[in-house]
Amino acid sequence: MLAKCLLATSQPAAALQVLDSRVLNSIVGRSLNAEALLRSGRWAEAEIMWSEIVKDPNAGGEIVEARLGLAEAQQQLGASHEALLTLAPLVKDQSLTDARPFLMAAELELQLSDFKGAQDLLAKVNHPDRFQAAQKEALSGRLSLVTGDLDAAEKSFQQVLTSQSSDGRDARALRRLRC
């Protein structure tokens, strides 16, 4: 699908233009539209679309993406508490192996100064991919920094820089980490 390719190449405005009404009748099409709105900085519109998808009983396999998208839109709109509530069903799901909800929830807890909550969520991130491992380490570094453990913070940030520079994507990855 062209819209998916455009999103993957950081062209959300172009993705919005190619999505037609036929595609928007499906969960996948609506998810692509919501993602394009989110990536275009149109957070209020994205929040509405993601909310509709989360409530749709036919969301099925798209529910994780929908909750992550909704939580990100809420976070961008300054509604961090609501974003945590959106992620709560995913974080409580014992069978979920996807690290993204835990990482996003940990970041939100850190923003809300719930350092214990952030630490507990980071401890639940098992088997992350390389990017998620760097994100976890960056969040651990931020947590160490705000709790006054400067040595641990420095170690975490150095580890992130080292792992990302060896991958060759350090600048792009660090921007996504929100350090």
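Arg39 and Glu35 sit 4 residues apart in helix α3 (residues 27–39), which puts about one helical turn between them. Helices here are DSSP runs of H or I with at least four residues, numbered from the N terminus. This is a predicted model, where local features need pLDDT of at least 70, side-chain atom pairs count only at pLDDT 80 or more, and totals for chains, interfaces and linings use all residues. Residues are numbered from 1 along each chain as its sequence is written, and side-chain values use heavy atoms, leaving out hydrogens and water.

**The charge pairs**
- Side chains of opposite charge can pair when their charged atoms come close.
- Searching the whole structure turns up 7 salt bridges (a side-chain nitrogen of Lys or Arg within 4 Å of a carboxyl oxygen of Asp or Glu).

**Around helix α3**
- Arg39 and Glu35 make one of these bridges, with their closest N and O atoms 2.7 Å apart.
- Arg39 is partly exposed at 41% relative accessible area, and Glu35 is partly exposed too, at 22% (buried is under 20%, exposed over 50%, partly exposed in between, using a 1.4 Å probe and protein chains only).
- Glu72 joins in as well: Glu35, Arg39 and Glu72 are linked in a salt-bridge network.

**Arg42 with Glu45**
- Here the closest N and O atoms of the salt bridge are 2.8 Å apart.
- Glu45 is partly exposed, at 37%, and Arg42 is partly exposed, at 36%.

**Inside helix α8**
- Lys116 pairs up with Asp120 in a salt bridge, closest N and O atoms 2.8 Å apart.
- Both lie in helix α8 (residues 115–123), 4 residues apart, or about one turn.
- Lys116 counts as exposed at 54% relative accessibility, while Asp120 is partly exposed at 35%.

Definitions and conventions
Helices (H or I, at least four residues) and strands (E, at least two) are DSSP runs, numbered from the N terminus.
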